[in-house]
Amino acid sequence: MDYWLYIGSQICIFASLGVSLNILIGYAGMLSVCHAAFFGISAYATAILTTYYQWAWFGTIPVGVLLSSFLAVIIGRLSLRLRSDYLVVATFVIQVICYRIMQNWEEVTHGELGIYGIPPIHLIGWLVDQPFEIFIFSVILCGIVLALSGRIVLSPFGRLLRAIREDELIVTAAGKNVRDLKVLAFVTSASMAALAGSVYAPTVAFGHLDPSSFDIMESVFIIALMIIGGAGNLWGPVLGAVLLIILQGGLRFLDIPNEIAANIRQLAYGAVMVVLIILRPQGILGKYGFEGKREE
Amino acid sequence: MEQVIANILVLSARYTLTALGVSIIYRFSGCLDFAQGAIYIVSAYCSYIFAQILGLPLVIAILLGAVIGATCGGFIDFIIYRQIRKIARPVLSVLLASLGLLICTENLMALSFGEASRSLPLGDPRPGILIFGARVTEIQIAVIILALTVPILVWLTLNRTRFGLMLRSYGSNYMLAASVGIPIKKTFLRGAVLGSFLSGLAGTLITLETSISPTMGNEAVLMGVLVTLIGGAGNIVGALGAAMLIAAIEGFAGTYINLLWREVITFTTILVIICVRPKRVFRGKGY
């Protein structure tokens, strides 16, 4: 039972990540593969501050969000100069840079070994360390992220993002500040991912963080669950998270040895991603299938 | 100092070879094909099997590995990319699909051969030759020579053959090329095979000296993509120049600044270059 609660918590965290990435890819149409970096920066910030400096968990959230947002502003500014595939490469490079920093900045992140003994969340007298409590907390997180995303999507800002996705030139011609809109999209997306990161570190990570949870593969995993569940739809990433993480959890019951379990999982989601891009690029629930005018 | 320069030359040779496949494909299709990294790995492992397990002579193993890579590339184009091209805007879809393929292939290789690195033992480790005060091995010299000759061959193919003309036409204006009657599927397929052959060749050659592991396709294709973007799509001279630039940054950063942060410094510099990219330095397919 504890195992399924753990799976449920993971689903909530990754669903939150997928929903936040959806703002960027599904609504604003900007493909970014550095989401794991936003997630990781905040997770590390929370981990370091709570474990080594005895900060209260709640106080670490703004720190994580600010750091990720800072990076997001940089990337957002870059996205103005870079066409779609250039942006993907730029975010790829940024992801790799962040990963290397996590690996090599021994004084702060303890490198490959990572950070051990992250204390559980202590919130106004509630110590979140039982599986059930962790699950509830993750659900609350997911709910907050979904609510925020819902508000964004239904707002004028969300409409403008979708307009930018469809035809950026017209939005500029209409007099809207595309620059600020894009930067804001990145910041919003990164902040939500950062929030997920701050929750992840003391809970689902089992009190241990290391760089391997935040590499390019994780970024692609988040994209995969968004594609599979559906881009451009609020609940798409949630469905994607449910499907992929249950797949991962279910593999356990097939008695697959641990060494190859990770490989089979990655193989599976890579394959499903490719198949879905061919057959149904907008995903199961999605509305945005990367369709549009072919660039002449 | 001479050693640093020699290392930079070898490194730029590797990056040039790795980038050729990606560059050609980007030139005619407009899509960044990360699956070239998958082809890189597959060819490397195939050569490993041929040379190590089947005991074939090295040159045959390399060529066969590249040919298998080319075949895989053809299949990928035929089965996967062709379907995606039916969508109106394939650039991002192909990119994502190629990332997915890269992941699949990496893990397939890891499942088949294990996560650990393997190396092709090429006899006793040789000390190499001393040239102008720097030490290079025979293989490194071979790689450098190939990095100078293969691009010339590719340039000739691209600019002096009918096939190259077809590729360039699609690169320049897809709709017009299709309307004029240049066969779409055949051209794209042959282009994919050519690019994949080059990537496969790069994969087998470079792993001769270093070891093979399932994840090396990631870094390889990333470097290939970066060289292509900085050097210009399908721009052979540009690719050479960009490869040398990146190798020089990496070499000097590693030697004179800090070995540990070498990659971060290199990537950050490349990022700046990509964003600030002066258009007149390397011409290419466009921004």
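Author: Chain A has twelve helices and four strands in its secondary structure, where helices (H or I, at least four residues) and strands (E, at least two) are DSSP runs, numbered from the N terminus. This is a predicted model, in which local features need pLDDT of at least 70 and side-chain atom pairs count only at pLDDT 80 or more, whereas totals for chains, interfaces and linings use all residues. Residues are numbered from 1 along each chain as its sequence is written, chains are lettered from A and ligands numbered from 1 in the order in which they are written, and side-chain values use heavy atoms, without hydrogens and water.

Reader: What is the radius of gyration of chain A, and what does the globule rule give?

Author: The radius is taken over C-alpha atoms, and the rule is 2.2 Å times the number of residues to the power 0.38. For chain A the radius is 19 Å, close to the 19 Å from the rule for 296 residues, so chain A is as compact as a globular protein of that length.

Reader: How many of the residues in chain A are buried?

Author: Buried residues (under 20% relative accessible area, 1.4 Å probe, protein chains only) make up 61% of the 296 residues in chain A.

Reader: Which residues touch the most other members of the largest nonpolar core?

Author: In soluble globular proteins, nonpolar side chains tend to be buried together. A nonpolar core is a set of buried Ala, Val, Leu, Ile, Met, Phe, Trp, Tyr and Cys residues joined through side-chain atoms within 4.5 Å. Here the largest has 149 residues, and L209(A), L32(B) and L226(B) touch the most other members. A second, separate core of 44 residues includes V42(B) and I62(B).

Reader: Which residues does L226(B) touch?

Author: Leaving out residues up to four places away in sequence, L226(B) touches V89(A) and V93(A), as well as I246(B), F267(B), I270(B) and I274(B), a contact being heavy atoms within 4.5 Å.

Definitions and conventions: Buried < 20%, exposed > 50% of the residue type's maximum accessible area, 1.4 Å probe, protein only.
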